[in-house]
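The following report describes the fold of a single protein chain, from its overall architecture down to selected residues. The sequence and the three-dimensional structure are shown first.

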Amino acid sequence: MDDIAAQDPRTARIDGRRFAGVSNSAAGQVGSTTVFTYHQEGDAIWADYAGGAVRRGFLVGTRTDDTLEFRYAHLSVTGGTAGGQCTSRIEVLADGRVRFHESWAWESRPGTGTSVVEEIR
């Protein structure tokens with residue numbers, strides 16, 4: 001992939017990249033020790049994640065240009081399950097890493113919020 005494509009959020013590669021939480025609303029469970037590994041085939045995206053308050057989590061959805069739409073479900077370290085939906089906008093940072101700006105809503109309980117997750121190297 002050339003440098004221009006790598007910097008364009010609509011075409012930035014996310015397959016195989018790892019991310020961690022940077023910020024989250026109070027109702028969220030993802031934090032700086034929660035690590036996501038993303039995958040992509042065509043417009044299909046999925047990830048597994050764990051760390052912090054999350055023992056094991058999964059997400060699945062689609063990508064259109066610089067937008068991810070997905071559902072997530074996870075098991076907390078206290079044994080509870082939770083799930084919801086999220087829309088993420090992709091940003092490519094000056095150093096080439098990828099950042100997601102997320103708007104999410106629980107479907108398993110009350111609560112909505114915003115979060116930021118960022119690629120870790």
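Two strands are said to pair if DSSP finds at least two bridges between them. Helices (H or I, at least four residues) and strands (E, at least two) are DSSP runs, numbered from the N terminus. By this criterion E1 and E8 pair: six bridges join them, and they run antiparallel. The model is predicted, so local features require pLDDT of at least 70 and side-chain atom pairs count only at pLDDT 80 or more, whereas totals for chains, interfaces and linings use all residues. Residues are numbered from 1 along each chain as its sequence is written, and side-chain values use heavy atoms, with hydrogens and water left out.

**Overall architecture**

The protein has one helix and eight strands, which follow the pattern α-β-β-β-β-β-β-β-β along the sequence. The eight strands close into a barrel in the order E1-E2-E3-E4-E5-E6-E7-E8, with antiparallel pairing. Neighbouring strands of this sheet are turned against each other by 30° on average, direction ignored; axes are lines fitted to C-alpha atoms, for helices over the stretch in contact, and angles run from 0 to 180 degrees between N-to-C directions.

The C-alpha trace spans about 45 × 25 × 20 Å along its principal axes. For 121 residues a compact globule would have a radius of gyration near 14 Å, and the protein agrees with this at 14 Å. That radius is taken over C-alpha atoms, and the globule rule is 2.2 Å times the number of residues to the power 0.38. Of the 121 residues, 38% count as buried, where buried means under 20% relative accessible area, exposed over 50%, and partly exposed in between (1.4 Å probe, protein chains only). Among contacts (heavy atoms within 4.5 Å), residues 24 or more positions apart account for 36% of those with a separation of 6 or more.

**Strand pairing**

| Strand pair | Bridges |
|---|---|
| E1 (residues 18-24) and E2 | three |
| E2 and E3 | seven |
| E6 (residues 81-92) and E7 (residues 98-106) | nine |
| E7 and E8 (residues 112-120) | seven |

Arg18 has Thr37 as its bridge partner in E2 and stands opposite Ile120 in E8. Phe36 stands opposite Tyr49 in E3. Arg89 is partnered by His101 in E7, and Arg99 stands opposite Glu118 in E8.

**Hairpins and loops**

The hairpin of E6 and E7 has five residues between the strands, and Gly96 there takes a positive phi near 90°. Arg97 is also found in the loop between E6 and E7. At 19% relative accessibility, Arg97 counts as buried. Its side chain reaches the backbone oxygen of Glu119 at 3.0 Å, which is a polar contact, that is, a pair of N or O atoms within 3.5 Å; within protein, one must be able to donate a hydrogen and the other to accept it, and residues adjacent in sequence count only if both atoms are side-chain atoms. Leaving aside neighbours within four places in sequence, Arg97 is in contact with Arg17, Glu91, Val92, Glu118, Glu119 and Arg121.

The hairpin of E7 and E8 likewise has five residues between the strands, and Gly111 takes a positive phi near 135°. Gly111 is partly exposed at 26% relative accessibility. Not counting residues up to four places away in sequence, Gly111 touches Trp104, Ala105 and Trp106. Gly111 and His39 are 72 residues apart in sequence and 27 Å apart in space, C-alpha to C-alpha.

Gly52 lies in the loop between E3 (44-51) and E4 (54-64) and is partly exposed, with a relative accessible area of 45%. Beyond residues up to four places away in sequence, Gly52 touches Thr33, Thr34 and Val77.

**Nonpolar core**

A nonpolar core is a set of buried Ala, Val, Leu, Ile, Met, Phe, Trp, Tyr and Cys residues joined through side-chain atoms within 4.5 Å. The largest such core has 22 residues, and those with the most contacts inside it are Tyr38, Leu59, Leu68, Phe70, Tyr72 and Phe100. The elements giving two or more residues to this core are E2 (35-41), E3, E4, E5 (67-76), E6 and E7. Phe100 touches residues that include Ile14, Phe19, Tyr38, Leu68, Ile90, Val116 and Val117, not counting those up to four places away in sequence.
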